[in-house]
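Please look over the sequence and the model shown here before reading on. The report then goes through several places in the chain and ends with the chain as a whole.

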Amino acid sequence: MIVTVRCLASLSRLQPDPPHMDFPEGAVLADVYQRLGLAPDPDVVAILDGGPANPLTPLKNGCVIELVPMVEGG
């Protein structure tokens, strides 16, 4: 299955080019992290098709995954 990955802000250094990645059926978000060389991190928010996701969230063909670093400040 093909998924689109967008690494935003400071994670842009991990952005795959092209942004489409191929995974076997049954893959989960943790498989994306592994392919990018990124350990599952509580300081990274994963959004799958506009909703929250965690490392065990199953991937679907055509889904869009956005990885966003948490930001602190005020």
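This is a predicted model: local features need pLDDT of at least 70, side-chain atom pairs count only at pLDDT 80 or more; totals for chains, interfaces and linings use all residues.

## Pro40 and its surroundings

If neighbours within four places in sequence are left aside, Pro40 is in contact with Tyr33 and Pro55.

Is Pro40 buried, exposed or partly exposed? With a relative accessibility of 48%, Pro40 counts as partly exposed, because the word exposed is kept for residues over 50%. The C-alpha atom of Pro40 is separated by 9.2 Å from that of Leu29, and these two residues are 11 residues apart along the chain.

## The loop between E1 and E2

Strand E1 covers residues 2–7 and strand E2 covers residues 20–22, and Pro18 is found in the loop between them. The peptide bond that leads from Asp17 to Pro18 is cis, with an omega near 5°. Ala9 is found in the loop between E1 and E2 as well, and its phi is near 55°, which is a positive value in a residue other than glycine. Since its relative accessible area is 56%, Ala9 is exposed.

Leu11 also has its place in the loop between E1 and E2, but at 5% relative accessibility Leu11 counts as buried, because buried means under 20%. Apart from neighbours within four places in sequence, Leu11 is in contact with Val44, Leu67, Val68 and Pro69. The C-alpha atoms of Leu11 and Asn54 are separated by 17 Å, and the two residues are 43 residues apart along the chain.

At 42% relative accessibility, Asp49 counts as partly exposed.

Which residues does Glu66 contact, leaving aside its neighbours within four places in sequence? They are Arg6, Leu8, Val45, Ala46 and Ile47. Glu66 counts as partly exposed, at 23% relative accessibility. Glu66 and Ser10 are 56 residues apart in sequence, while the distance between their C-alpha atoms is 13 Å.

## The nonpolar core

The largest nonpolar core of the model has 21 residues, and Val3, Val5, Val32, Leu36, Leu59, Ile65 and Leu67 are those with the most contacts inside it. In soluble globular proteins, nonpolar side chains tend to be buried together.

## The chain as a whole

How many helices and strands does the protein chain have? There are one helix and five strands, and along the sequence they follow the pattern β-β-α-β-β-β. Among contacts between residues at least 6 apart in sequence, 53% join residues that are at least 24 apart. Of the 74 residues in the chain, 36% count as buried.

The protein chain has a radius of gyration of 12 Å, which agrees with the value near 11 Å that a compact globule of 74 residues would have. Taken along the principal axes, the box filled by the C-alpha atoms is roughly 40 × 25 × 20 Å. The accessible surface comes to about 4500 Å², and 56% of this surface belongs to carbon and sulfur atoms. The chain has 4 positive and 9 negative side chains, with the centres of the two sets lying 4 Å apart.

Technical notes
Residues are numbered from 1 along each chain as its sequence is written. Side-chain values use heavy atoms; hydrogens and water are left out. Helices (H or I, at least four residues) and strands (E, at least two) are DSSP runs, numbered from the N terminus. The radius of gyration is taken over C-alpha atoms; the globule rule is 2.2 Å times the number of residues to the power 0.38. Buried means under 20% relative accessible area, exposed over 50%, partly exposed in between (1.4 Å probe, protein chains only). Contact means heavy atoms within 4.5 Å. Accessible areas come from the Shrake-Rupley method with a 1.4 Å probe; for residues, only the protein chains shown count as cover. Lys and Arg count as positive and Asp and Glu as negative; His and the chain ends are not counted. The place of a charge is taken as NZ of Lys, CZ of Arg, CG of Asp or CD of Glu. A nonpolar core is a set of buried Ala, Val, Leu, Ile, Met, Phe, Trp, Tyr and Cys residues joined through side-chain atoms within 4.5 Å.
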